[in-house]
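Here is a short note on the model for your review. The points run from the overall chain to single residues.

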Amino acid sequence: MSPVASVHSLWTVAAGAPGKIPAPHIEYTELSPTLIVLGAAVIGILIEALVPRRNRYYSQLLLSLVALAAAFAAVIGLAAGGFGSSKAHIAAMGAIAVDGPALFLQGTILLVSLIAVFTFAERRLDPAAHGNRVDSFAAQPAAVPGGPAEQAAVKAGFTTTEVFPILLFAVGGMLIFPAANDLLTLFIALEVFSLPLYILCALARRQRLLSQEAAVKYFLLGAFSSAFLLFGVALLYGYAGTVGYAGIAQVVADGAKQIDPALAGTMGNDALLLIGAALVLMGLLFKVGAVPFHMWTPDVYQGAPTPVTGFMAAATKVAAFGALLRLLYVVLPGMRWDWRPVMWGVAIITMLGGAIVAITQTDIKRLLAYSSIAHAGFILAGVIATSEDGVSSVLFYLGAYSFVTLGAFAVVTLVRDAGGEATALSKWAGLGRRSPLVAAVFAVFLLAFAGIPLTSGFAGKFAVFKAAAQSGAGWLVVVGVLSSAIAAFFYIRVIVLMFFNEPKADGPTVAVPSPLTTTAIAIGVTATLVLGLAPQYFLDLAGHAGVFVR
């Protein structure tokens, strides 16, 4: 029989027996937070195509806020309905986990994104261009920087409202990433949120070339990390014969008993398991910003528009650590003795590397970038605990850290000179005398980063270090405390610079923001103080959400 006749025969057999092809079973209610966000992103693209330019800004802002609020309400509804505990299960035919950690992380990502939208929409910080208010994003991103097309776009007062649907696509990918229950879904989610971030990093209105350089670096290094992760997925599939988390974990635990005899010659090879797991971990550690996969972080944080930097620093870490936790706790618990020593080493060099190199920084955004690297090391201490307390402490730390980070970068957008944001540390001298309120707010965020008591940073660090110590990682806690002491030096140095140095005559001014950025900063300060002064309720909430469905 010819190949064409063979295909035709198969097609007619399938058509004659429709019951043989089962329709996919999708739990739309449980997937509603992600579906709402991605649906709004698609509507946002249609707005860009169909709505007149003068109306797009308000349409996109309203759509983004409503979609993120609705998605957060859906997460709360699922949690209240017991899907974070008793009803936790695997949805979408094994692709997505609906459980406590997934819902907690999705709720955190949505709240962070909601606040980030306020900073994206800010249009009062830069002086009006030709009578039009402008935001942080390039008037016409496709134009050559400084070229006639860009000058014409600036003169016409264009604003890049497509950043809102791009942001929503990134959020949609981040919601799937920590809930992915098979390796292919994990990879697809990684690409869905990474590609929009590469674009957002290149869209700065000021310092266009630095912004584009940051985006190219992020894209190239991100492509390498994605390739490592995908190759690791292929090797793990070769080892276990499945990409599902439960299937791989079962083969890791039971070895040859779970392997199909017909495939025993190619499956169950420990070399495939070890190399594949290492490559997948490398891809996730890149997104986390852990040493030695951190080299993109300072350049991208410095070059990207500051609202994008704040969003990326907060939300990406939450999503990436969620995926890392699920991989280590659900897929590879049987390899604990293999990956724990490696993660010990990564955590130690990440804590020390981030803290020590941050001391030498002269740019506030680069300083916060190395600070975020050190914090990745602190969070890894909780990951290494391999206990329910370890999971809940990491969830709490991620929530606390994300609000502090967003607030800190929102403050950075306010300090400006003739060239835009004044990010050189020397220009922040005397800021406390020029604008006491802004400097005091930034000092609160710096004290939280340093882990000073009565701030959320202290509660978060105490939780992860306690979980690590109880699991036998006492020396890791000692290194963490030393790293915190080193980090406290450069945070307090910035506070001293702001309050105890004389302001320069040609120093920057503090722009008066709209209620949007004011709200973002106020929420950041409130969360920092509430999580520091009364953390127990939120620690209990993270504790109840700390069990993975398997």
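1. Terms and source. Buried is used here for under 20% relative accessible area, exposed for over 50%, and partly exposed for what lies in between (1.4 Å probe, protein chains only). The model is predicted: local features need pLDDT of at least 70, side-chain atom pairs count only at pLDDT 80 or more, and totals for chains, interfaces and linings use all residues. Residues are numbered from 1 along each chain as its sequence is written, and side-chain values use heavy atoms, with hydrogens and water left out.

2. Overall form. The chain holds 21 helices and 5 strands; helices (H or I, at least four residues) and strands (E, at least two) are DSSP runs, numbered from the N terminus. The radius of gyration is 24 Å, which agrees with the value near 24 Å for a compact globule of 550 residues. That radius is taken over C-alpha atoms, and the globule rule is 2.2 Å times the number of residues to the power 0.38. Along its principal axes the C-alpha trace spans about 85 × 60 × 40 Å.

3. Burial, contacts and surface. Of the 550 residues in the chain, 57% are buried. Contact means heavy atoms within 4.5 Å. Taking contacts between residues at least 6 apart in sequence, 80% join residues at least 24 apart. The accessible surface comes to about 21600 Å², and 70% of that belongs to carbon and sulfur atoms. Accessible areas come from the Shrake-Rupley method with a 1.4 Å probe; for residues, only the protein chains shown count as cover.

4. Charges. There are 30 positive and 25 negative charges in the chain, and their mean positions are 7 Å apart. Lys and Arg count as positive and Asp and Glu as negative, while His and the chain ends are not counted. Each charge is placed at NZ of Lys, CZ of Arg, CG of Asp or CD of Glu.

5. Aromatic pairs. The structure holds 19 aromatic pairs. The rings of phenylalanine 286 and tryptophan 296 are tilted, because their centres are 5.3 Å apart and their planes stand at 35°. Rings of Phe, Tyr and Trp (its six-membered ring) pair if their centres lie within 6.5 Å; planes under 30 degrees apart count as stacked, over 60 as edge-to-face and the rest as tilted. Phenylalanine 286 lies in helix H10 (residues 270–288) and tryptophan 296 in helix H11 (residues 296–303), so this pair ties together parts 10 residues apart in sequence. Phenylalanine 286 is buried at 5% relative accessibility, and tryptophan 296 is buried at 4%.

6. Tyrosine 537 and phenylalanine 538 form an edge-to-face pair, 5.2 Å centre to centre with 85° between the planes. Tyrosine 537 is exposed, with a relative accessible area of 56%, whereas phenylalanine 538 is partly exposed at 30%. Tyr198, Tyr218, Phe219, Phe286, Trp296, Tyr301 and Phe409 form one aromatic cluster.

7. Helix H11. Is H11 enclosed or open to the outside? H11 is largely enclosed by the rest of the structure, because 6 of its 8 residues are buried. These are Trp296, Thr297, Pro298, Val300, Tyr301 and Gly303. They pack against helix H7 (183–201), helix H8 (208–240), H10, helix H12 (306–331), helix H14 (364–384) and helix H15 (388–412). Threonine 297, with 2% relative accessibility, touches Gly289, Ala369, Ser372 and Ile373, not counting residues up to four places away in sequence.

8. Valine 252. This residue is in helix H9 (residues 245–254) and counts as buried at 15% relative accessibility. Leaving out residues up to four places away in sequence, valine 252 touches Tyr239, Leu273, Val331, Gly334 and Met335. Valine 252 and methionine 335 are 83 residues apart in sequence, and their C-alpha atoms are 7.5 Å apart.

9. Backbone points to check. Most residues other than glycine have a negative phi, and most peptide bonds are trans. Valine 291 and proline 292 are joined by a cis peptide bond, with omega about 5°; proline 292 is in the loop between H10 and H11. Threonine 386 has a positive phi, near 50°. It lies in the loop between H14 and H15 and is buried, with a relative accessible area of 16%. Leucine 454 also has a positive phi, near 75°. Leucine 454 is in the loop between helix H17 (436–450) and helix H18 (456–470) and is exposed at 54%.
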